[in-house]
Amino acid sequence: MLIVSDIRENRPEFIAGLEKRGMADATALLDEVLALDEKRKSTQTKLDELLAESNKISKSIGLLMKEGKQDEANQAKAKTSELKSQTKELGQVLEETKQELDDKLYQIPNIPNEEVPAGNSEDDNEVLYTVDQLPELGDDALPHWELIKNYDIIDFDLGVKITGAGFPVYKGKGARLQRALVNFFLDEADHQGYDEVQPPVVINEASGRGTGQLPDKEGQMYHITDSDLYLIPTAEVPITNLYRDVIVDEKDLPIKNVGFTPCFRREAGSWGAHVRGLNRLHQFDKVEIVQVQHPDKSFDTLIEMRDHVEGLLKRLELPYRILKLCAGDLGFTSNITYDFEVYSAAQKRWLEVSSVSNFKTYQANRLKLRYRDADNNKHLLHTLNGSALALPRIIAAILENGQTPEGIKIPAALHQYAGFETIS
RNA sequence: AGAGAAGUGGCAGAGUGGUCGAAUGCACUGGUCUUGAAAACCAGCGUGCCGCAAGGUACCGGGGGUUCGAAUCCCUCCUUCUCUGCCA
């Protein structure tokens, strides 16, 4: 959530930022926010004045009663009764105004970083790096969904039987490969100083709001209505919310966490030509890295995280490219995002396997996540996260790119973890 | 899941209708003392909102209610503990 006082101070900058995202009515929306905030403040002031008077009289009533001045006490009571109806009314106005202001703020996405290129669609994303030479497979190369069947390592039909489409069953070396990747990713993060956590994969509404999935992505999460809980779409939600309502000491920064969880996405309406096999699932595994950092250092941290993800792809020997997302393609809560895509050689297409983002104070404001500086003053922190990495598409790329007549060669970095070198 | 008990500041723990935002202790911060440290002593030490400030206001698990006035009384939800049941 944007910070109202910042909007007031730098209104043109915020308007420009939102327009860069393609928001047409940015000026009107921001002005509504500012007006509501003015109303909130003046109402608060008035209410406080009335309450102050009321409190004063109430105290005097106590004293009068002690002195036995019953009549005077009763007179004072009449006066406060009058005030009471006024404060009640104003209190309601204040609550409504706050609610309205909140609702407005929830509709407004983060503003893009100045580094973020302009643009409306993924075509405008900036390619920061791409592999020199795309791998060429023979004409008989198979897409991963064929390979999966041939080697019997992932079973979609069984998943349909147990749950439904988009919930595959990993079997034998498929399951082992997945576990190997998880352990590899977790160990690599551990080497980079991330503390591992295992959060719940079910979250409450407050957590969904804290990181901005609610109300923006209500329809994309599985909702357990009889308990009013949600299945996580990413470990970002439970891990970042670990720090909701927290004030950390400046010297304890940065906070670095890594977590492995399944992720659940309804992907409503997004089934089409490009979702075969492992390309898009309702449930998938992901290792996520999260950092909470000092505002002055978060940009360097973003690069550090980007480098970490890049290192993983290098060690997996997969052809990849790095994109800097344009303003129009940026996630709702993000200030700047780098996407990583691996090349799936049989499908001949790029698959997104990681998104590394800096949210700056957008999430922290909602989370009330702050740090205390040397002078004991409190300031909002910056939150960042990135996939490191999402599993199914990595597996798809490993399978397709590693296929040979003798079987599928898996990357050397995984041999120890998997306990095998070839799927045959 | 059933029965009972309890939720107060970083922690411990007072407070059952009226200067209570809240005693006291510990922890923490600054100072005095000391060659240094410890001890002792002095002072400070929650959060949000409004305000340039002085100050005001709100918060004692969450929400609602009674009252001129609620940490204190009532309702409700949540959580924790104990016992019973069930279970990996």
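1. A definition to begin with: two residues are in contact when they have heavy atoms within 4.5 Å of each other. Please also keep in mind that this is a predicted model.

2. With that in hand, let's start at N385. Leaving out residues up to four places away in sequence, N385 touches E236, E288, I289, V290, M305, S355, V356, S357 and F359. N385 itself sits in strand 16, which covers residues 382-390.

3. Is N385 buried or exposed? It counts as buried, because its relative accessibility is 4% and the buried class covers values under 20%.

4. Why look at N385 at all? An unreviewed UniProt entry gives the feature "binding site" at T234, R265, E288 and N385. In the model, T234, R265, E288 and N385 are included in the lining of the largest pocket.

5. Now for R265, which is found in the loop between strand 9 (255-264) and strand 10 (283-293). R265 counts as partly exposed, because its relative accessibility is 28% and that class lies between 20% and 50%.

6. Which residues is R265 in contact with, leaving aside its neighbours within four places in sequence? They are Q220, Y222, P233, T234, L281, H282, F284 and K286. T234 in this list also carries the UniProt "binding site" feature. As for P233, the side chain of R265 reaches its backbone oxygen at 2.9 Å.

Definitions and conventions. Residues are numbered from 1 along each chain as its sequence is written. Chains are lettered from A and ligands numbered from 1 in the order in which they are written. This is a predicted model: local features need pLDDT of at least 70, side-chain atom pairs count only at pLDDT 80 or more; totals for chains, interfaces and linings use all residues. Side-chain values use heavy atoms; hydrogens and water are left out. UniProt positions are given in the numbering used here, feature names are shortened, and annotations may be inferred rather than shown by experiment. On a 1 Å grid over the protein atoms alone, a cavity is a set of points where a 1.4 Å probe fits but cannot get out, and a pocket is an open set with protein on both sides within 12 Å along at least five of seven lines; lining residues have an atom within 4 Å of a point. Helices (H or I, at least four residues) and strands (E, at least two) are DSSP runs, numbered from the N terminus. Buried means under 20% relative accessible area, exposed over 50%, partly exposed in between (1.4 Å probe, protein chains only). A polar contact is a pair of N or O atoms within 3.5 Å; within protein, one must be able to donate a hydrogen and the other to accept it, and residues adjacent in sequence count only if both atoms are side-chain atoms.
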